[in-house]
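I opened this one to look at ring pairs and helix packing. Here are my notes, in the order I looked things up.

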Amino acid sequence: MELLLAWLSGILLALGTIALLVGALGLVRLPNLFSRIHAVGMMDTAGVAFITLGMLLHEGFSLISVKLAVVGIFLFFTSPIATHAVAQVAYKGGFSPLEQQPVGKTKVKAAKRKVAQKASRKKVGAAEKTGAKKAVVKKIANKILAGKKAATKTVTRTPAEKQKKAAVKKGAP
Amino acid sequence: MMMIVALAGCGVAMVLALVRVARGPTPFDRLLAVNAIGTLVILGVALHGFIMGRPEFVDISILYAVINFIGTFAILKLFSTGGLGDRGGKARITPETDEG
């Protein structure tokens, strides 16, 4: 039993460490303030919860573990509130989650990235045209056509609608 | 053993967050990273206590959690209103001193 608890606490601690590292990496690597908030939110909930649970299992039931639970619950609820408040103040301060905020050199970088993305897209399109993906395209087109046919077949009009349509046809010419 | 690994992970994550503090283009980025560092310090204090065989350090981490939360909100209020008083930045100029 004790061995099982030790293993379980070790696994939980490892999971929490992984969550912390991934969140910190996202904090450094992501391009935008709001995406960074997203990364920190994961770090503050998953990382804290897993590591606190791991320490709880290691300790067993005592006053220390109760205090640990208090820390974990407090952090689990207040950290998302804090990140949400940061996002709200930033949004009211004029930052939009839909646009990047290029400052100085990053503007040039963003422009270069856009050009590179366009070029790569063109390459992919050319490859698709020349490659053997025509069959796949045909299949998809056939499927769409079949679906349309099925849809037109299954739609049964009520008599009133039929009359309306007939009236429109008569009146049109 | 896993505790030491977790403490090392906390340290690495703290360094990464410090990079964001140094580089962050906006003050909100810096505040976010500082908040994350505070959370990591809380975990680190608790883990350090367990590793050293003195789990009473958890008390300190409770205190630090509260201070971290309130500090984040204080800095946010300073950003959004320009002051920490009742009426934000305008609290400094009272009507008496303004007229007299």
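This is a predicted model: local features need pLDDT of at least 70, side-chain atom pairs count only at pLDDT 80 or more; totals for chains, interfaces and linings use all residues.

Residues are numbered from 1 along each chain as its sequence is written, chains are lettered from A and ligands numbered from 1 in the order in which they are written, and side-chain values use heavy atoms, with hydrogens and water left out.

How many aromatic pairs does the structure hold over all chains? I get five, where rings of Phe, Tyr and Trp (its six-membered ring) pair if their centres lie within 6.5 Å, and planes under 30 degrees apart count as stacked, over 60 as edge-to-face and the rest as tilted.

I looked at A:Phe95 with B:Phe28, which is edge-to-face at 5.6 Å centre to centre and 85° between the planes. This pair crosses between chains, from the loop between helix H3 (63-92) and helix H4 (105-130) of chain A to helix H2 of chain B. For helices I use DSSP runs (H or I, at least four residues; strands are E, at least two), numbered from the N terminus.

Buried or exposed? A:Phe95 is buried at 17% relative accessible area, and B:Phe28 is buried at 8%. The cut-offs are under 20% for buried, over 50% for exposed and partly exposed in between (1.4 Å probe, protein chains only).

Next came B:Phe69 and B:Phe73, with ring centres 5.0 Å apart and planes at 65°, so this pair is edge-to-face. Both lie in helix H3 (residues 58-81) of chain B, four residues apart, about one turn of the helix. B:Phe69 is partly exposed at 23%, and B:Phe73 is partly exposed at 31%.

**Then the helices**

I checked H1 (residues 2-29) of chain A against H2 (residues 27-51) of chain B: their axes come within 12 Å and cross at roughly 160°. That makes H1(A) roughly antiparallel to H2(B), a label for angles over 145 degrees.

Which residues make the contact? From H1(A) they are A:Leu13, A:Leu20 and A:Leu27, and from H2(B) they are B:Leu32, B:Ala33, B:Ala36, B:Leu40, B:Leu43 and B:Leu47, with contact meaning heavy atoms within 4.5 Å.

**Chain B overall**

I count four helices and zero strands in chain B. Buried residues make up 36% of its 100 residues.

Methods. Axes are lines fitted to C-alpha atoms, for helices over the stretch in contact, and angles run from 0 to 180 degrees between N-to-C directions. Angles under 35 degrees count as roughly parallel, over 145 as roughly antiparallel, 65 to 115 as roughly perpendicular and the rest as oblique.
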